[in-house]
Amino acid sequence: MINALLDSEIKKHLHLYTFLVLVSYIISSMEEEASKLRLYGTEASPFVRRVIWALKLKGLDYDYVEEDLSNKSPALLRYNPVHKKVPVLVHNENPVAESTVILEYIEETWPDRTPLLPKDPYERAMARFWIAYGDQKGYAFQSFLACSEEGKEKAAEDLLEIFKINQDKALGDKKFFGGSTLSLVDLCYGWITSFKQVERVVGVEVLGPTTLPRLHRWMQDFKEEPGIKENLPDTEAQFPELINLRKHLLSTKN
Amino acid sequence: MSEVKLFGAWFSPYVKRVEMALNLKGVEYEYIEEDLKNKSPLFLQYNPITKLVPVLVHNGKPIFESTVILEYIDETWEGPSIFPKDPYDRAMSRFWAKFVEDKCSDPLWKACWAAGEEREKAKKEAEEALKILENEIKGKKFFGGDNIGLVDYVANYIAFWIPLLQDVVGFHILTQDKFPNIWKWCYELCNDSFVKKNLPEKEKVSSGLKRAVETGSLY
């Protein structure tokens with residue numbers, strides 16, 4: 001009789017155990033479904049690159065779709081009808097466009113995986129300010145890439161001044177803009193690691209170890225960081241495109 | 001007891017949206033009017049980087065950029081929300097706030113002040129953007145839904161300042177005819193009992209804009 005009792009107890013536990021295994025399998029596959037991420041981008045875009053870095057640093061799986069901007073896919077146009085640009089991150093079929101909006105979305109949806117913004121509201125405000133500042137000063141970078149022979153010196157000076165503010169006020173003595181670890185600010189300034197190619201194309205150095213020592217050092221440290229190192233853009237491959245872009249910008253100016 | 005200071009200019013939509021946010025949360029603050037032609041040393045000490053208003057100083061620490069300040073206020077003080085709670089809704093709010101600032105406010109402003117080809121170019125840009133915005137506000141009282149939200153704060157400029165500027169320069173892009181939904185929203189926003197208290201006097205703004213048109217200088 002005891003055997004029969006034990007037998008039924010074991011059976012009950014086996015049933016319960018099987019049930020729990022089944023439930024956890026269903027939940028985990030639902031979670032995988034729920035976390036379906038797709039990123040529409042281009043290899044060359046620094047705005048896409050920031051999002052890639054954020055996803056990689058957070059260890060998030062995603063599908064990547066390389067767009068041909070001269071022939072945009074119907075999907076891209078459907079997901080970003082307002083701007084028709086990359087990057088667009090689609091999460092559970094819900095699209096998010098604009099790189100800084102996407103970065104904040106990623107941070108808020110997965111806050112515990114490799115936090116990329118500080119917890120303190122004031123520090124967060126400063127991070128957001130520096131991101132906005134960097135993007136607002138994009139015109140200076142454009143001017144540099146499109147500068148004429150005569151305008152080269154001035155364009156370089158203007159850019160140097162902006163870099164100096166970034167170095168002195170935003171970076172300071174910290175290893176990264178985010179402190180001892182990376183933050184969204186580092187990701188948004190990460191395009192600076194490709195800047196050497198632009199200097200080559202224009203033919204003048206702006207960011208060097210003597211002109212901007214701390215920013216230069218940041219650039220080296222940033223490139224070495226796990227998550228960033230394996231996901232740097234192929235700047236050598238982009239070099240011919242940059243030459244063409246500069247030619248085009250110079251010709252449209254005249 | 002926290003100490004809150006706001007450096008501003010009475011006519012600035014960027015400053016007014018911050019004041020609105022502080023008042024929404026019931027925050028006590030000291031308001032300091034800055035003469036933008038002759039900025040005070042104290043102000044420049046707090047904001048040597050952009051040298052622009054608004055600047056919020058909380059317990060001695062300065063914050064700049066109106067949308068950054070709005071988010072800081074929402075995160076720091078209890079009370080009704082400016083941003084939605086859900087991450088996706090927050091992303092949508094941020095997206096539309098950016099769209100309003102970059103694609104609507106800028107070209108609308110430029111079109112009013114520019115002339116000739118530049119004016120036509122800005123007008124075209126503004127109209128394209130307003131068409132999109134017209135669709136976005138359709139069926140809603142405010143961009144934030146039943147209550148004002150981030151996008152309404154950022155679009156305060158379009159609701160209050162742009163109609164006045166259009167009248168002063170005699171060049172109208174945003175009209176009831178062309179954009180009836182946006183026009184209705186402008187009315188709802190400017191006549192909302194809370195928002196009303198956080199707008200400058202119409203006459204004062206109009207006079208200021210007239211003076212700016214005559215002198216060619218904004219301040």
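Predicted model: local features only at pLDDT ≥ 70, side-chain atom pairs only at ≥ 80, totals over all residues.
At what angle do helix α6 and helix α7 of chain A pack, and how far apart are their axes?

Helix α6 of chain A covers residues 138-145, and helix α7 of chain A covers residues 152-171. They pack at an angle of about 150°, with their axes 9 Å apart. Angles over 145 degrees count as roughly antiparallel, so that is the description for α6(A) and α7(A). The crossing of α6(A) past α7(A) is left-handed. On the α6(A) side the contact is made by A:A140, A:F141, A:S143 and A:F144; on the α7(A) side, by A:A155, A:A156, A:L159 and A:I162. Sorted by class, that contact has seven nonpolar residues, one polar and no charged ones.

Next, a helix pair with one member from each chain. From α4(A), the residues in contact are A:T100, A:V101, A:E104, A:Y105, A:E108 and A:T109. They meet B:P87, B:Y88, B:R90, B:A91, B:R94, B:F95 and B:K98 of α4(B). The class count for this contact is six nonpolar, two polar and five charged residues.

Another point where the chains touch is B:E65. This residue is in the chain B loop between β4, residues 61-64, and α3, residues 66-76. Leaving out residues up to four places away in sequence, B:E65 touches A:F129 and A:Q136 from chain A, and B:P54 from chain B. Its C-alpha atom is separated by 16 Å from that of B:F99, a residue 34 places away along the chain.

Last, the second largest pocket. What is its volume? About 350 Å³. Its lining consists of 17 residues, and those nearest the centre are B:A159, B:F160, B:P163, B:C190 and B:K202. Two helices of chain B, α7 (156-169) and α8 (180-191), each supply at least two lining residues. Of the contributors, α7(B) gives the most, with six residues. By class, the lining divides into 11 nonpolar, three polar and three charged residues.

Definitions and conventions. Residues numbered from 1 in each chain as written. Chains lettered and ligands numbered in written order. Heavy atoms only, no water. 1 Å grid on protein atoms, 1.4 Å probe; cavity = no way out; pocket = protein on both sides within 12 Å on 5 of 7 lines; lining within 4 Å. Points joined across faces, edges and corners; volume = space filled by probe spheres on them. Helix = DSSP H or I, 4+ residues; strand = E, 2+ residues; numbered from the N terminus. Nonpolar A, V, L, I, M, F, W, Y, C, P; charged D, E, K, R; others polar. Axes fitted to C-alpha atoms, helices over the stretch in contact; angles between N-to-C directions. Parallel < 35°, antiparallel > 145°, perpendicular 65-115°, else oblique. Left-handed = near helix turned anticlockwise from the far one by under 90°. Contact = heavy atoms within 4.5 Å.
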